[in-house]
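Subject: Structure handover

Hello,

Here is the structure for your files. My notes on what was found follow below it.

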Amino acid sequence: MKIPSSESSILILVEDSPTQEFLSDLFRGEGYDAVIAKSQSEALEALGQKPFNLAILDFESRQIKGIEFCKSIRRNFRLRHIGLILLMDTKDPLDKIKGIYAGADDYVNKPIEAAELLARVKSSLVRITRDLDANPVSKLPGNVSLLKELEERTKSQLPMAVGYIDLSKFKEFNDRYGFEKGDEVIGHLAVIISKTLETLGNSADFLGHIGGDDFLLITTPDCIEDVCKKIAEDFDKSIASFYRQEDRERGYIITKNRIGNLAKIPIMSLSIGVVTNEHQKFSHIGEIIQIATDLKNYAKTLGKSIYVKDRRKEPFA
């Protein structure tokens with residue numbers, strides 16, 4: 001399947017061929033890129049190849065289960081920002097409610113009225129653009145969403161664990177291999193963190209991309225250590241594949257260090273600073289970020305992929 005590139009890309013997940021063609025012609029006539037998927041597996045494959053802004057999908061058909069698909073999208077940290085509009089062929093209001101609760105943003109009844117559908121599509125795209133400050137590399141929420149999420153959770157006083165993730169020797173890797181290869185590493189790390197939270201975390205967890213090679217995750221204290229261990233483990237298992245064979249065999253690259261001298265730079269490692277509100281209450285997100293940053297910086301001095309958790313009973317003076 002050829003996947004075009006556009007800032008207004010719509011995925012059509014519809015089983016009926018005439019409806020596929022109708023929607024494709026309608027959206028392309030309005031200047032959108034439209035990609036057709038005939039099954040959920042085909043849709044997920046397309047979503048893995050490029051970013052989409054919106055998906056239009058059957059509520060229920062032989063190969064497409066709209067509620068199931070919506071739930072899977074909302075569980076995925078890299079896809080949950082996508083707008084979802086269900087095509088309803090039922091008048092049962094309970095089905096519409098189920099769709100919204102599963103994560104759909106809107107619905108349109110069949111038979112489809114072109115003007116109504118386009119109005120809803122344009123409204124969804126405006127809302128997505130307004131609400132999303134996604135990082136262009138990882139497609140994860142950026143600093144605006146991250147700070148808002150952290151602020152709300154700090155005020156709630158519910159159990160919370162924050163992990164500040166950073167790479168060691170990433171700058172030198174970028175200098176040696178180039179920014180494009182560096183972006184591949186960033187995208188790879190985003191996938192590792194996302195998948196780990198999906199399998200070991202909670203449905204309400206949050207993952208944001210601060211910028212560069214810095215990420216921040218929010219989960220609960222009971223999950224955080226298993227999550228950090230798994231992230232570090234999966235990163236160490238896979239990171240060498242981004243290096244050339246001769247560099248892998250040596251275990252280091254030769255490039256300029258931060259003071260401009262040629263040096264042997266080891267394979268990248270990962271550091272995580274962990275803060276929880278198990279034993280102390282925070283009144284401001286600045287306290288959390290400062291402690292997490294200091295712990296992360298200390299972890300970087302240890303020379304390996306590791307997490308360091310704050311276990312003190314009182315915050316910094």
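Ile 285, Ile 288, Ile 291, Ala 292, Leu 295, Lys 296 and Ala 299 are buried in H11 (buried is under 20% relative accessible area, exposed over 50% and partly exposed in between, with a 1.4 Å probe and protein chains only). Viewed along the axis of H11, these buried residues stay within an arc of 135 degrees, so they line one face of the helix (the arc is that of the directions from the helix axis to the C-beta atoms). An α-helix has 3.6 residues a turn, so residues three or four places apart point the same way.

This is a predicted model, in which local features need pLDDT of at least 70 and side-chain atom pairs count only at pLDDT 80 or more, while totals for chains, interfaces and linings use all residues. Residues are numbered from 1 along each chain as its sequence is written, and side-chain values use heavy atoms, with hydrogens and water left out.

H11 covers residues 285-300, and its 16 residues reach 23 Å from first C-alpha to last, close to the 22 Å expected at 1.5 Å a residue (the expected span is 1.5 Å times one less than the number of residues). Helices (H or I, at least four residues) and strands (E, at least two) are DSSP runs, numbered from the N terminus.

In H1 (residues 17-29), the buried residues are Thr 19, Gln 20, Leu 23, Ser 24, Leu 26 and Phe 27. They cover an arc of only 165 degrees around the axis, which puts them on the same side of H1. Pro 18, Glu 21, Asp 25 and Gly 29 are exposed, on the face of H1 turned away from the buried side. After H1 comes Gly 31, with a positive phi near 95 degrees.

**Strand E6**

In E6 (residues 161-168), 8 of 8 residues are buried. Ala 161, Gly 163, Ile 165 and Leu 167 point one way from the strand, and Val 162, Tyr 164, Asp 166 and Ser 168 the other way. E6 pairs with E8 (residues 214-219) in the antiparallel sense over 5 bridges (two strands pair if DSSP finds at least two bridges between them), and Phe 215 in E8 is the bridge partner of Ile 165. E6 also pairs with E11 (residues 269-276), in the antiparallel sense over 8 bridges; there Val 162 has Val 275 as its bridge partner.

**Salt bridges**

The whole structure holds 20 salt bridges (a side-chain nitrogen of Lys or Arg within 4 Å of a carboxyl oxygen of Asp or Glu). Glu 278 and Lys 309 form one of them, with the closest N and O atoms 3.1 Å apart. Glu 278 is in the loop between E11 and H11 and Lys 309 in strand E12 (residues 306-309), so the pair ties together parts 31 residues apart in sequence. Glu 278 is partly exposed at 40% relative accessibility, whereas Lys 309 is buried at 13%. Both belong to a network of salt bridges that also links Glu 225 and Arg 311.

Within helix H7 (residues 170-177), Asp 175 and Lys 171 lie 4 residues apart, about one turn of the helix. Their salt bridge has its closest N and O atoms at 3.0 Å. Another salt bridge joins the side chains of Lys 65 and Glu 60 at 2.9 Å, N to O.

Regards
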